[in-house]
Amino acid sequence: MAEKSFKYVILGGGVAAGYAAREFAKQGVQPGELAIISKEAVAPYERPALSKGYLFPEGTARLPGFHVCVGSGGERLLPEWYAEKGIALILSTEIVKADITAKTLTSAAGQTFKYQTLIIATGSTVIKLTDFGVQGADAKNIFYLREIDDADKLVEAIKAKKNGKAVIVGGGYIGLELSAALKINNIDVSMVYPEPWCMPRLFTAGIAAFYEGYYANKGINIIKGTVAVGFGTNADGEVTEVKLKDGRVLEADIVVVGVGGRPLTALFKGQVVEEKGGIKTDAFFKTSIPGVYAVGDVATFPLKLYNDIRRVEHVDHARKSAEQAVKAIFASEKGTSIDEYDYLPYFYSRAFDLSWQFYGDNVGDTVLFGDNSPTSPTHKFGTYWIKDGKVVGVFLESGTPEENKAIAKLARVQPAVSSLDELGKEGLAFASKF
Ligand SMILES: Cc1cc2nc3c(=O)[nH]c(=O)nc-3n(C[C@H](O)[C@H](O)[C@H](O)COP(=O)(O)OP(=O)(O)OC[C@H]3O[C@@H](n4cnc5c(N)ncnc54)[C@H](O)[C@@H]3O)c2cc1C
């Protein structure tokens, strides 16, 4: 098979790839110079939509509606846009081998792609229960959610199992968003997770109490402190029940598993320096190999604000790291320089009529403020994280755009606080001072 050669190749066609493509166009990439190679069959899209609007029975999100860069209020890049710019979108193409020395990528079909500069944007994959040998975990109607094909299969099952029962395994982002989406579809939902409260990586017990109460009021059955250890099936191989470690058995027509992800770095094992499970980069997303960059979920980068190096699996960083890498590539070609990446961590989620944002670092003491009663019609609450006498992180549920802007600023400024009690009493008003 003929070898194809490009000046720039982006491996992966997700969020980071799409935002990188837009930046390449801004920087004046020439037709024929750039290719995006993706396992998925569609042009880059805003992945968070898959666990939200994509699953709603009304106002359903479908492509081309949520191609990048609509998620950040930018232009929607349709497949035609790539064609107009002369950017090759090489879709439904899985790369199975990367040779950093030869500067080549080889597809499952045996095609070879040569590059001068490579951006690794392969994102993450889901951790599966079959990876741990959970009995019956390969049954039909057990779903994971990462790519649009996964979401399509889930949508089909929701239609086929109208008014049925679902068990959501995992109490993180996917668990919380999927429980809400299935409930809105009139499915009877149970959530199961081993931790004492949901989203323990970010939520404090106080934050989680609100969401657990809210979900319970919506009729979602929350089962904590245990895990799924097996699945029962019918004669067609479809899941019918979930066996829990504590001995309980839950009926299920649909199971969605959200137990975490893992960055897709395997193609580059032993070829680039890794750290903290990702590909190590500098503040310009350059890896240890000249001409090879890594962005989005796979990059372990210097988080200047905290003088640390981290990997961040969130869409805002995927977008910004991609833009930074492309700017750095063009700057180095021109012999100029750009500022170091100076990222303020930002995570968000939406479910039911709830919407939260978090900025900064969730370390140190915490102070809960506001109305966090799950039954309150005017609920609005948040939490400050305080380390070494400074506010380093802020969480806010149901903030207005101005309030969210204010908490972002606060997390960046890191003001000193003398009394945690006073801070709790002042609540959100404290954030509006900066
Ligand atoms: C369902 C869901 C909901 C989410 N919701 C939120 C949210 O609300 N807020 C938030 O901040 N973050 C959210 N995230 C996380 C966010 O979407 C990711 O952090 C972001 O997509 C990372 O961008 P990326 O470009 O690094 O990877 P991805 O967007 O995952 O893109 C990776 C691409 O690489 C392709 N690829 C991988 N390996 C190969 C290969 N060998 N050959 C060819 N192609 C390959 C994949 O098919 C995919 O197209 C969500 C994630 C999921 C799955």
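How many residues surround the ligand, and which are the closest? In this predicted model, 36 residues surround the ligand, and the closest are Gly12, Gly14, Ala16, Gly123 and Gly296.

**View 1. The ligand between two domains.** Residues of the shell come both from domain 1, which is made up of 4-125 + 262-334, and from domain 2, which covers 129-259, and the ligand therefore lies between the two domains.

**View 2. Helix α7 and its length.** Helix α7, formed by residues 401-413, has 13 residues and reaches 18 Å from its first C-alpha to its last, which is close to the 18 Å expected at 1.5 Å a residue. Just after α7, Gln414 takes a positive phi of about 55°.

**View 3. The buried and exposed faces of α7.** Asn404, Ala406, Ile407, Leu410 and Ala411 are the buried residues shown in α7. Because these residues cover an arc of only 155° around the axis, they lie on the same side of α7. The face of α7 turned away from this buried side carries the exposed residues Pro401, Glu402 and Val413.

**View 4. What covers the buried residues of α7.** The cover over the buried residues of α7 includes strand β23 (354-360) and strand β26 (390-397), together with helix α9 (428-431).

Methods
Residues are numbered from 1 along each chain as its sequence is written. This is a predicted model: local features need pLDDT of at least 70, side-chain atom pairs count only at pLDDT 80 or more; totals for chains, interfaces and linings use all residues. A residue is near a molecule or strand if its C-beta atom, placed from the backbone, lies within 6 Å of it. Domain bounds come from an automatic or database domain assignment. Helices (H or I, at least four residues) and strands (E, at least two) are DSSP runs, numbered from the N terminus. The expected span of a helix is 1.5 Å times one less than its number of residues. A residue is buried if 20 or more other C-beta atoms lie within 10 Å of its own, exposed if 12 or fewer, and partly exposed in between; C-beta atoms are placed from the backbone. The arc is that of the directions from the helix axis to the C-beta atoms. Two residues are in contact if their C-beta atoms, placed from the backbone, lie within 7 Å.
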